[in-house]
Amino acid sequence: MGVHGQCCACPYLRVAQKSETFMANALMAGLRWLDKNAERVMILVAYSSMALIIIYGVFERFVFRTQIPWSSSIPIYLFLWVTWIGCSQNVRKRTHLVFNDIRLRLSYGAQFACLIFDAVLWWVFGAVVIHFTVEQTLLVEMNFAIVQGTDNVMQWWFYLATPVAWSMLMIRVLQNLIDDVRRFRAGTPFLVDIQAIGQE
């Protein structure tokens with residue numbers, strides 16, 4: 001009876017295991033997609049919204065001789081999201097402003113030391129930025145500041161762009177550092193040459 005019960009339970013156990021495996025694979029695939037496209041999607045949404053508002057505002061101004069009060073203010077705030085998320089994207093792809101003329105002439109170990117120093121500087125500066133911008137965002141939120149020309153669009157929704165983007169940027173710095181450590185252990189070249197920057 002006990003053996004028969006165990007045999008009957010086996011198909012259900014296999015189904016449960018396959019279901020768990022499928023969910024785990026789907027979760028990992030979703031996380032990989034998010035890791036690759038998070039900044040792109042956020043920039044696309046913010047930039048498209050900004051462009052559509054501006055285009056409609058110009059159309060309404062010249063065709064209907066009127067203007068939505070917030071058509072000139074919200075795009076400016078959306079530009080905060082485009083700018084700061086763009087910084088995170090450039091750090092992820094290593095396409096931010098760099099001066100590598102001297103670094104390319106250094107030894108392999110010295111290049112690795114510079115990469116570690118870069119990561120430390122990013123994290124220190126990022127911690128300072130997040131500390132003060134979170135403080136500023138909370139202050140704006142507590143004062144119930146609204147976007148000019150609107151009745152209920154809060155300014156802190158847009159001020160939040162800076163700490164959120166810098167948090168993402170610091171994660172990207174850590175990911176790049178992990179990649180650099182792996183390259184150092186394997187003895188493979190670092191991505192410091194300007195021709196290699198931007199590769200996936």
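Mentor: Begin with exposure: a residue is buried under 20% relative accessible area, exposed over 50%, and partly exposed in between. Bear in mind that this is a predicted model. Here F59 has a relative accessible area of 42%, so F59 is partly exposed. F64, at 52%, counts as exposed.

Trainee: How are the rings of F59 and F64 placed relative to each other?

Mentor: Planes over 60 degrees apart count as edge-to-face. The planes of F59 and F64 stand at 80°, with ring centres 5.7 Å apart, so this pair is edge-to-face.

Trainee: What kind of aromatic pair do Y77 and F158 form?

Mentor: A tilted one, with 40° between the planes and 5.4 Å from centre to centre. Y77 belongs to helix α2 and F158 to helix α4, so the pair ties together parts 81 residues apart in sequence. Y77 is buried at 12% relative accessibility, and F158 is buried at 8%.

Trainee: Which residues form an aromatic cluster?

Mentor: W84, W122, F125 and W166 form one.

Trainee: What should I expect of nonpolar side chains in general?

Mentor: In soluble globular proteins they tend to be buried together. In this model the largest nonpolar core has 16 residues, and those touching the most other members are I74, L78, W81, I85, V147, V153 and F158. Two or more residues each come from α1, α2 and α5, and the largest share, 6 residues, comes from α2.

Trainee: What does I74 contact beyond its sequence neighbours within four places?

Mentor: I74 is in contact with I53, V147, T150, V153 and F158. A second, separate core has 8 residues, among them V129, I130, W166 and L169.

Note on methods:
Residues numbered from 1 in each chain as written. Predicted model: local features only at pLDDT ≥ 70, side-chain atom pairs only at ≥ 80, totals over all residues. Heavy atoms only, no water. Core = buried A, V, L, I, M, F, W, Y, C linked by side-chain atoms within 4.5 Å. Buried < 20%, exposed > 50% of the residue type's maximum accessible area, 1.4 Å probe, protein only. Helix = DSSP H or I, 4+ residues; strand = E, 2+ residues; numbered from the N terminus. Contact = heavy atoms within 4.5 Å. Phe/Tyr/Trp six-rings, centres within 6.5 Å; stacked < 30°, edge-to-face > 60°.
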